[in-house]
Amino acid sequence: MHTASITIDGRKLLVDSKQTIIEAAASNGINVPHFCWHPKLSVSGNCRICLVEVEKMPKLVIACMTQVSDGMIINTTNDRVINAREAVMEFILLNHPLDCPICDEAGECKLQDYAFSHSSGFSRFNEDKVHKPKRVELGQHVMFDAERCILCSRCIRFCDEIAGKHQLQFVQRGDTTTIETFPGEKLDNPYSMNVVDICPVGALTNTDFRFKSRVWEMSFTNSVCTSCSRGCNIEVGVRNNEALRLAPRLNENVNSYWMCDNGRLNSFKNINSPSRINLSQIKIGNNYSDIIWEAAIQNIVDNLKVFKKNEVAFLLSSEATNEDNYIMFKFAKEAFSTENIYCYKHTEMNDEDDILIRGDKTPNSFGVETLGINSSKLQELIQKINSGEIKAIYSLEDSFQENEDLFNSFSQLKYFALHATNNSKFTTIANIVLSASTSFEKSGTIINFQGQIQRLIPSIATEEDERSLDGFELSRWDKFAAWNDKWGKGPKRNSRSSWKIVSEVANNFGIKLKFKSSEEVFLELTQKNSAFSGMTYLKLGSQGMKIKNKNINSEVKVS
Amino acid sequence: MNEFLKKSEIKRLKNLTFLQRLYIPEILKGIRITLRQIFKPSFTIQYPEQKFIKPESFRGRPVLVEENGVERCVACGLCSRVCPALAIDVQSAETELEKERYPEIFEINMLRCIFCGFCEEVCPEEAIIMSSDYELSFTDYNSAIYGKDKLLVPIEKVQDRLDHLHRTR
């Protein structure tokens, strides 16, 4: 690496000589304002807000396009630069409508922030602003407001460079310039909604979230998307205990700044969908009726005891966390000392690309493999059920992808206990359905296809939790709501984390599992399995860690 | 006994005249003052039969302005944000009208409202204003939460307040 020694605002710095001024400044904690520059996109240099002064250069230069060179002396805050910045802001704001009160971006808008920090505070423009179309549907998920657009071209470059689909382009000239899709094209690539995040103003808005909440009314929880085995890092926007918006969060090892539209739109819709299971259900005759937790757990214990130890099979789930799977595994090993532990894996290999989307649609199939359980053995389970060798199954939450073979086979079971978050085909054949928490309601860890172990942090409270007391991220409403206030009181579901349910069952079997939190389960797991050794929730942090040996297939020793 | 107060300064005991010490003349003096008030004009307003004349800047309960059959409000949530008592709850939704958004739910908890008028001041659309209505009574908690049905007022009825705002802002 060739280094260059430069001076920024009087600070002497040694930087990579291939960097531009803005990169060198950013890596040393100096923030140069910018609209069109994005660390992951090519440099376009059209917004001009990043003008800085370089000594011995006659004019100001844009920091995003100018490469550093040895001996450069750069000023980012002197009068000349500030004057230029204010002038640029005045130009950008000339035709920008005063829409902030009805704009979804307000509160997280770069232009709004810079209007406070880098603008003179008033406009000399008395003429009428240019009017452009306000509601243009660029694609199914993205709405475009042409008046608000400041023509930074980030969205165009994103489609060209990251999504690999040339769908957007500038049209017209001068102050009538606007962005359109190519004739006959729609902004319909599977990553289209990232343009909403990178848009520095509110020109591009998310049609799913549009007008649902102001950003300052939501709390934001760092978690992980569970719609495929990529495990994109996300930020969950919650208001009134209801997830309203997911947005990607930077993690260079996993997803960079991006996430796919499917994960963003669909992974949280099951929480409050009409098919959500609210309380455990027991099958009586052909109907299901609600059952309280104690009775449901006693039902499982009583029914599993009827069978011989080798007649019962256990299904781990690649949709559940490592903690859930470990407790189920431990219960199966200790109470039944059985080898009949299986797992299903949901794959759609035709829906995979080389950007983010993975064909393996389960978030934690790798985590199940660290317990020595492989989904390839599933055929063996079907044979054993068909031959009558296995008569009962206790399964963690899994949609089983509506698999026909598995459905027919499970229909023959004498007893089928299933954890589930939502009603599916399989909940119609279960003898008892236990109401399990979704990935947004529980704490735990999952491992993505690269072996990156990451934390799921609960963002939605269940009936067991109190947002203000149990460590949830709090919005203003959550903090100040009194008991009799309407707001802040969104619906809560009567569900529990799977590891808690299985622990209860195990306790009634006489196997004492005294875990108080998922962290305690994880700590035991780190001691039992060398792949996790030395890890704690604290060390995993917001970015996760690589597990020790990626191709681990060793047996985990229980007890 | 207060040590800073000299004994000679306590005048009341020593300096009273004979008449003052008699007590009754002083009582009569007081009664004379009282009797004199009877023939002066009274300041008391016989509420609720009589109502006081409100000054122009009087702040009664906040209302939403209804213009051409729809509310002016664009559900921006600024009143909700600025409200120091957290009385206002707004849920916005999209509309086909030019204003793009409207309040699907707009509720003011009148038990929380402190009539400070910040919502009126912050509103970019002059959609929420303080009316002259101050007589509020509820019999239970839920009836104190005013929804859009109680808050919407046709613009003609609040024109005085709007005029006042235009004059004074």
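Conventions, quickly. Residues count from 1 along each chain as its sequence is written, and chains are lettered from A and ligands numbered from 1 in the order in which they are written. As the model is predicted, local features need pLDDT of at least 70 and side-chain atom pairs count only at pLDDT 80 or more, while totals for chains, interfaces and linings use all residues.

Confidence next. The predictor gives the complex an ipTM of 0.86 and a pTM of 0.89. Chain B has an average pLDDT of 90, and 92% of its residues score at least 70. pLDDT is the predictor's per-residue confidence, from 0 to 100.

Now the domains of chain A. Domain 1 is 3-93, domain 2 is 98-113 + 124-211, and domain 3 is 281-454 + 494-546. These bounds come from an automatic or database domain assignment. The C-alpha centres of domain 1 and domain 3 of chain A are 53 Å apart.

On to helix 10 (residues 378-386) and helix 11 (residues 404-411) of chain A. Their axes come within 9 Å and cross at roughly 30 degrees. Axes are fitted to C-alpha atoms over the stretch in contact, with angles from 0 to 180 degrees between N-to-C directions. Helices here are DSSP runs (H or I, at least four residues), numbered from the N terminus.

Who meets whom? From helix 10 of chain A, Ile382(A), Ile385(A) and Asn386(A) meet Asp405(A), Leu406(A) and Ser409(A) of helix 11 of chain A. Contact means C-beta atoms, placed from the backbone, within 7 Å.

Last, the chains. Their contact takes 11 residues from chain A and 16 residues from chain B.

Conventions. Contact = placed C-beta atoms within 7 Å. Helix = DSSP H or I, 4+ residues; strand = E, 2+ residues; numbered from the N terminus.
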